Amino acid sequence: MKLKFFSLLFLLALTRIVPANNIDSLEIQLNMVSETDKIELFLQLSKEYWTISPSKGIFYANECVLLAEKYNDRSKKAKALLYGGVNAWFLGLYDEAIEYYQKSLTIAYQLNDKKLCAYNLNNLGMINTHLKNYEKAIDNYSQSSAIMEEMGDEIEFAKIINNIAELNLLLGDIDKACQQHLSVLDIIENSEEQVFLIWLYSDIGKVYKKKNNIKLALEYFYKSLNLSNKIDNTLGKSKTMIYIGEIYLQQKEYAKAKEYFYNGLKFAKETGAKDQIIDAYKNISEYYSTIEDYKKSLEYYKLHKQLSDSLLNDNKIQIILEMQARYDLESMKSENHLLQKNIVINELTLKKKKSQFIFLFALLLLTTVLIVLIFNRLRLIHKKNKLISGQKNQLSDSLIELQELNKVLQQQKEKIEISQKELESANKLLAETNATKDKLYSIIAHDLKSPFNSMLGFSKILDDDFEDFDKEEQKMFIGDIHQKIQDIYNLLENLLQWANSQKGSIAFAPHKIDLFVLANATCTILNQSALDKSINLRNHIPKNIYIKADVNMISTIIRNLVSNAIKYTYGGGEVLIEARLAKDDKYVEIEIKDNGIGISDDIKSKLFNITENISTKGTEKETGTGLGLLLCKEFVEKHQGKIWVKSELGKGSSFYFTVPCWDKE
């Protein structure tokens, strides 16, 4: 939740902070200046309302976008979209925030505005962290920090490091998070970044609270609160007061806890920051429960639950993913239509070239006839030696021109043959693409229909006879429905990535990656699936192994292979992730090993072939399509690597793949 404040902090470099009492002055000026001058005023007002009334901030950002479009000021439009995203982020409207940031990022790339690109990437990283999409967040932060480091912007680079520290805290690496927060403290304290310093003090207090060092935690929380009061930052007051209240509740100083919780709630309501209000309701409910006032506790718990559910409904992340999937499928159809159109154009071009060839051949024939007539004419006037000599020279020149013409005709003939081969190749590729698409759709239709049928059946039973089942039976049905939803989500995610890879819209951006950290992030995501089957998931990759790879592609490969290993391993088994240098020292060989059911030789030969329909049930009847392995093969080959499997029935499986080693570049 705290990460939304960093959206404000990271953008302070765009404009200077204007005191809150200047807002009225800015709004008065709107009625006194020209439309072009209003663009800058709208930007300032949108920024000023971040910590006061983000809904007004969105209004002014949208007004700025309209005026910037009218006067074709793309730079101001991109900045206004960025500000709109910040305000939406503060209001908890994550889908709208993502849309604002992506539009701003597109314009920033087109304008080659590196700093604006870095701001958007950093903000997208914070949203992905909040949505627990840690792999994407790592990629966003890596790109943003690389830009800021290249530009030598020490302050903005320090802010990104602080966000990465928050991500490490969420991933459980408390010591590393603490070290990163403290590493930027001196830089920020010696800068003019007062608002950012509020959140930095708060972050350090949070880490010390996590380490159970209450004295240092309170010291930094009070530093944050004092600075918030000094510059009258409402969000800072709300956030820090709630943290201080939590410590006093933990220390059983109930009167102080109540005072700080209610004051934190008051300031959160002033700004409309839903996440802060939710936290305040939750803490007040816990306070009343602790002093055994259960009626009051239930009252605030209901308020907490209602607002949490409302915020969840306002941000249907699954719907966002489905909309993106539909967009990509439509893009595939448009590309197929364009390819068909190009084929027709190529056919017309070929016909035109054939007509030209016929014309040139007729011209050649006519030229030959003329040459013969000239030659006969020369024979008739053989007595005129000088004239004959001149005609011979002319004939010689004509023959040379004829030879050149023959060469031109030959070259055109060769070009026609090449064009015909290219057309045949394009037709063949289109046929193969359509065949692959039809096969892929048939797999998807089957594997989507099956879990939906199961969910409909289970939900119908629960709807009709819910009270007839005990809690264990109800939990069993709900668990089955959850698993089917997870299967559908995994299938759609793999489908989207496969579709993007087929149409070439996935950017391939290799850079230096710590393989141990990346594998740890994947284990964190899949650990619950392993725990559900009592499977021991372990990361045995040595630290400080670096690879040169695209972080999204490598994350997808490891996630699919580990997910498959869990699927085909019995309860109580284990799944290991290992890595070592390959024999040539230029590649790293990564192994995903399990002691599950193993794979027969017949199935192994079909694993990486799109034309084969492989659907093997897991140890607990989990379903699969084989699409994930096809995606792994696609991404490994983009890295010039190889992927293979070793397995025996009943003895487990080991999947291997190689990627370039960074140190040997």
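Which element gives the most to the lining of the second largest pocket? In this predicted model, the answer is H8, with seven residues.

The second largest pocket holds about 770 Å³ of space. Its lining is made up of 23 residues, and the closest to the pocket centre are Ile138, Ser142, Ile164, Lys512 and Asp514. Two or more lining residues come from each of helix H8 (134-151), helix H9 (154-170), helix H10 (174-189), strand E1 (511-514) and helix H20 (515-532).

The largest nonpolar core contains 143 residues, and Leu515 and Phe657 have the most contacts inside it. Helix H11 (residues 194-210) supplies the largest share of this core, ten residues.

With neighbours within four places in sequence left aside, Phe657 touches Ile557, Ile558, Leu561, Val588, Glu589, Ile590, Val636, Lys642, Ile643 and Trp644.

Helix H11 also contains Asp203. Is Asp203 buried or exposed? Asp203 has a relative accessible area of 1%, and it counts as buried because this value is under 20%. The side chain of Asp203 makes a polar contact of 2.9 Å with the side chain of Asn162.

Methods: Residues are numbered from 1 along each chain as its sequence is written. This is a predicted model: local features need pLDDT of at least 70, side-chain atom pairs count only at pLDDT 80 or more; totals for chains, interfaces and linings use all residues. Side-chain values use heavy atoms; hydrogens and water are left out. A nonpolar core is a set of buried Ala, Val, Leu, Ile, Met, Phe, Trp, Tyr and Cys residues joined through side-chain atoms within 4.5 Å. Buried means under 20% relative accessible area, exposed over 50%, partly exposed in between (1.4 Å probe, protein chains only). Helices (H or I, at least four residues) and strands (E, at least two) are DSSP runs, numbered from the N terminus. Contact means heavy atoms within 4.5 Å. On a 1 Å grid over the protein atoms alone, a cavity is a set of points where a 1.4 Å probe fits but cannot get out, and a pocket is an open set with protein on both sides within 12 Å along at least five of seven lines; lining residues have an atom within 4 Å of a point. Grid points are joined across faces, edges and corners, and a volume is the space filled by probe spheres set on the points. A polar contact is a pair of N or O atoms within 3.5 Å; within protein, one must be able to donate a hydrogen and the other to accept it, and residues adjacent in sequence count only if both atoms are side-chain atoms.
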